[in-house]
Structures are given as C-alpha cells and as structure tokens.
Amino acid sequence: MNETILRTEGLKTFYILDVFGTQKIVKAVNDVNLNIRTNEVYGIAGESGCGKTTLLKALAAAIEPPLRLVDGYIFYYVDGKAVDVATLSPEAKRKLRLDYIAYVPQGSMSALNPVIKLKETYQDFISSHVSGKTKEETIQLAEQHITELGLPPKILDSYPHQLSGGMRQRVTIALAALLKPSIIIADEPTTALDVVVQRGVVQLLMDIQKRLKNTIILVTHDMGVQANIADRVGIMYAGKIVEESTTEKIYGVPQHPYTKFLIDSLPQFGDKSTRQSVPGSPPSLIDLPSGCAFHPRCPHAMGICTEQTPDLITLDTDHKVACWLVGGEHGKTA
Amino acid sequence: MTFVKRYLIPRLVQYVLVIWLGITFVFLIPRVTPNDPVMRMIDQMQARGSTLEPGTMDEIIRDLTEMYGLEGSWLDQYWAFWGRLLRGDFGVSFFQFPTRVNKLIFTAMPWTLGLLLTTTAITWTLGNIIGGLAGYYSRKGWSRVLDAVAMIVRPLPYYIFAFMLLLIFAYVVRWFPITGGAPLGAIPTFTWPFIKSVIWHSTLPAVSLMVLGGAVTFQTMKLLVQNINAENFVQYAKLGGVKEGRIVGKYIIRNALLPQITGLALGLGQIFSGALITEIVYGYPGLGMLLYRAIVNGDYNLIMGIVIFSIFGITTAILLVDLTYPLFDPRVRYT
C-alpha cells in the first residue's frame, strides 16, 4: 500500500457570515476524514453546492475569511513528516504551494491575468519559488516545460484571451506541474469544455500523474470522468463524505442510495432507457435536515434517518459508507 | 497597417467631425438667442450717460457688427467665422472692450492650468494609492475608518464644503487669504516671493478640490481593488504561491488602474472649462470665472473662445485615451 501524503482529521470548515447583524453559518465541510496516498488519483464527486470546492480550499491550506477552520486538522506529509497545516506561517504556506501542493483552478476562463502575456505569468510563478534565475533562464525553463507536455511553446507569447478555453485549461495544468509537486488539486478541470477538449485535458492530467508518480485530487461532478481516471472516489453530500471506495467498488457495488442515483444518471452504451436524476435538490448548507442530510430525497428513508446522523463505517477493506440501510447489517460501530 | 486604415484614420476623421460639429453649435447657439450684443453695447453706453448722435450711432453699430462678425447672412458669417478661427483669432471681448479674447483666455489659462493640473495629479495619485491599499487590506480597522470618512465627505455638496473651508481658514482663523490668486496689483514674475504667495492663495481652492475629488477616487479605487482581489486570476496566483508584492502590483493594481486611467484622461480634458464654483467661491482668476462673466454679460466672442478650447481639450483627451488604451489593456486591440 502506498504511504499517506495528505490526511484530514474531523475537518470542519464553515463559512461564518454576518448578515445584517445575524450570524449565518454555512457548514460547507462538516467532519471530513480523508486519507489520501501517494501515487493515486483520488476523486471527489457530488452535486454542485455540496462543499467540494470548499473542501479543496481547505486541502490547499487556503482558508481565508469568511471561511474558517472550525475544528479538525489537515496534515501534509512533507518528506515523510506530518505537518499540521494550520500551524504554518503564511510564508511557509506560500512556499509549499506549487512546490508541494499545486492547484488547477475551476474554469480557467478567468484564472490567468488578462493583461500580461503567459510567459510573464510563468515567470511570476517560477521566480516566486526558484531564486537565482535570470529572466531568460526562467522563460527557457517555461518553454522547455511547455514543450515536454506537448503544448506549442509559442503560446507563451500570447495573452490569455487569445487562447481557446481548452488551451487555457491546459496551460493552468502545465503551470501546476511546473515544480513537480507531490499533490495536484484539480477543481472541475473539465467543466465548461466540450467532450473532445475534455479528453485532451484529462489525458494531460494523466500523463503528468504517470510521469511524476504523484497524487491528484480531482474534484468533478462528472461521474464519467471519475470512472475513467480515479483510483479511489469519495462521494460528498451536504459537506460530508457519504461513501468512499475504490472506483471499481463505487461503480460496481455502490451502497449509498445517493451514489446509486449519481451512477444511474450516467449514460451507457446500448441502454436507451431515460436516465434517472436524483429527485429534489441539494439541501441548503445553512439549514441542514435533521439526521441524515439525504433523507428528504431518499426513497428508502426510515424513521432513524430523520433522527440520527449515520457514521461513516467501514464495510470491508477500502469501502466506507454512511447510511443506516447499511449500518443495520453491520452494526453502528463496525 | 490595418491598424492605420481600419482604426486610426476613421478615428481621426471622427475627431475632426466632432470638433467641427461642436464649433458649429458654438456658432449657432448665440445667434438663435434673442440677445443682440450690438444693441446691448449701445444700451450700456447710453446707460453710462453718453449721448450719441444718430450718425455716430449708425457708425458705431456698423463697427461693432463688423467686430463681432455679425455682418451679412449667416452663411457669410459662418465662412468668416472659420476664416478667423483658423487664424487663431477669436475677435475682441465685449465686456472688456476692446481687449482681444485671446489675451483674456491666455491670462486666465495659467491660473486654471496650474491649479487644476496640480490638484488632479495629486488627487489621482494619492486617491489611487490610498484607495488601493484600503481595498487590499479592506478587513483592517484603518481601512474601515478611511472608508467611513470618505463616505461622510463625498456626499457633501461642493459649494458648501468650499464655503466651510473659506469660512474657517480664511475668516475665523485667517491662515489663508479670502480671495484672489495673488496679492492685488502684484505683477506675475518668476520670483520666490511671488510663487510663494500664489501657493498661499491657491491652498484653500486646491484643498477643497483635492478632498472631495480624492474621496471619489479613493472610493472607486477601493471598490475596484476589492473586486479584483476576489477575481479568479488573483486567487489562482495566491494558490500558486506567487509573492504577495507581485500579486498586488502586477495582478491587482495593474488591472484596477485600467478604468482609472480613462477617468484621469477625461478629467484632464475637462480642465479647459475651468472649475467654476471653486473660482467663484475663492475669487480665483481662472477660466471658469472668465466663462461665467462672459455668459452673464452676453460676451459671444469670449464664450466661443473658451468653449472652443474646452471642445478641443475634451475631444483630444478622449482621442488620446482611445489611442493609448491598447497599451494598458491588450484585450482592446484594433486590428
């Protein structure tokens, strides 16, 4: 088994908003325990508004007001040693970024500074981490890096608006891989791209992962993309991980009704029946339903579901689920 | 080349066209108002008690009509008007007869230019720097305090604020003079005592303009920076561990300044019409005051002279913004 590279313990990050004198608490990430390993692609899936992006912000140690770390820990394993991220100074965090943990933004439409050329963006990113290089050397490094990843080096002379959406997304992925980080966090990298371009983007991510043998944390609501590239998948609902397992088990023997709904919504070859979507819509993270947050939408809801929140229990190696349907057979504390 | 053909030339044609239209209106408007400058002049002469013989009267009327360019049909007048204009001749003033309009304008111009160029430059620079910092550190206490101050100052009507300053600092505590741009009767020279007295006289008008103008620049810049700070590319640069100084300079300020540059150019273009209220409140001898007196006295030639300068100032400023903007924002390219 691979070693742990990133771990969270009872992670709670809430948005604490002050709306006309009354405090509103958005429980975007509510008690999440992750154990992400080296050399794996870990997928996080779920509908929009379930806390995926907030979880990524926390994992990237970018918790800024109004988002707050309410409880729990995030550990990075830098050179085999566990580092509690919350105790790091801003400068120490800055140095870890791109070098240890890199981020690929959601929708790279506006992720690049519109008024400077890409080579200047590259230079800013490089010179903030690598000292003692001249301007020419950094540009050379950028060109070499871009060529290695199969992108045309002349794009460095372009402004972001001169490139297509797919190309911009590839540029941000290339930037993330620049310093060979141990972890790459990708937030909806394929969203807003057409399927042909999506394939190229996913391919680029996979190539990088194969070459660097590092960890990719991939957040996307696209279950098809998850099925293709993730080694393990965590299903997120209302700020919690409700099921986590290897990709084979998630898609082969899904246990949580929500996971089943997500998988049933995928189109399949040869099957022409109408796809089912999850009934209803995700709950407001300000005012969560009692008990299991999924119970108002769940066709199998029982009495206990409205009263008590199910714990994430381990079914067998590498398969965890938080649902009373399953808990009944295996016992709450298993 | 495509830039010249498809953008520059049409833009220059447009520039000339706008100026031509503006000046034509300047020519037309006084002629359709029921205010005959020649008869007003005669009235004024008679009011002073001079009795005129009918023969002399006709002669004076003819002379005045010629001097004001009111001879012949409107079309004749229009041609003659352009002829004089292209020679840079705006004719003689009416209420300061027979001083030439050019001389009046060029006497008032340095006062206005000196005051407004300095205040605009200082206001823009300080407003943007302080506003930018306050926007970036918008959660800090001092930023909130500054914001509150700007919020109180900005809605104050300018004339009330200007009067308050005058009352407090020129009348109650008497640190600054009540009126004028320099001591009465002083001859403008490039000597330190004269320059010092000009600065002393222009302090209150300058402060009044800078405080209110600065509050506006401050608030705009603060909001711009706050918005851009939340933009994806700034967040992305932060997550990429780019050094803070570089993010502030190259990512935030650089983008926030784009609309501010436009604002500055337009502000500079408006300098030629003077700052009327400032000049009235502080008795400052600038273009605004000159224009005001020209309007009150129905002095066509002088009004035309000042307005034409103003038209040139504003259209040229806009042209310069349009032509230089691509240097600041690569997304606006004229190809």
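Me: How many residues of chain B are in contact with chain A?
Reply: Keep in mind that this is a predicted model. A contact here takes C-beta atoms within 7 Å. On the chain A side, 23 residues take part, and from chain B the number is 19.

Me: Which helices of chain B each supply at least two residues of the side that touches chain A?
Reply: By class, that side of chain B has seven nonpolar, four polar and eight charged residues. The helices that each give at least two residues to it are helix 9 (232–239) and helix 10 (244–269).

Me: What does the secondary structure of chain B come to?
Reply: Read along the sequence, chain B follows the pattern α-α-α-α-α-α-α-α-α-α-α-α-α. Its C-alpha atoms fill a box of roughly 90 × 60 × 40 Å along the principal axes. The tally for chain B is zero strands and 13 helices.

Me: In chain B, what share of the contacts between residues at least 6 apart in sequence join residues at least 24 apart?
Reply: Chain B has 335 residues, and buried ones make up 30% of them. Now take the contacts in chain B between residues at least 6 apart in sequence: the share joining residues at least 24 apart is 70%.

Me: Where does helix 8 of chain B bend?
Reply: Start with its span: helix 8 (residues 192–229) has 38 residues, and a straight helix at 1.5 Å a residue would reach 56 Å. A proline, B:Pro205, follows within four residues of the bend, which is about 45° and sits at B:Thr203.

Me: Which residues have the most contacts inside the largest nonpolar core?
Reply: That core has 103 residues, and helix 8 of chain B gives the most to it, with seven. A second, separate core has 40 residues, including B:Leu209 and B:Ile308. Back in the largest core, the residues with the most contacts are A:Ile185 and A:Ile217.

Me: Which residue in the turn between strand 1 and strand 2 of chain A has a positive phi?
Reply: Strand 1 (residues 4–19) and strand 2 (residues 22–32) of chain A run antiparallel, joined by eight bridges. A:Leu11 stands opposite A:Val32 of strand 2. The two strands form a hairpin with two residues between them, and the turn residue with a positive phi, about 50°, is A:Phe20.

Key: Residues numbered from 1 in each chain as written. Chains lettered and ligands numbered in written order. Predicted model: local features only at pLDDT ≥ 70, side-chain atom pairs only at ≥ 80, totals over all residues. Pairing = 2+ DSSP bridges. Buried ≥ 20, exposed ≤ 12 C-beta atoms within 10 Å, placed from the backbone. Contact = placed C-beta atoms within 7 Å. Expected span 1.5 Å × (residues − 1). Bend = angle between axes of the 7 residues up to and from the residue. Nonpolar A, V, L, I, M, F, W, Y, C, P; charged D, E, K, R; others polar. Core = buried A, V, L, I, M, F, W, Y, C linked by C-beta atoms within 7 Å.
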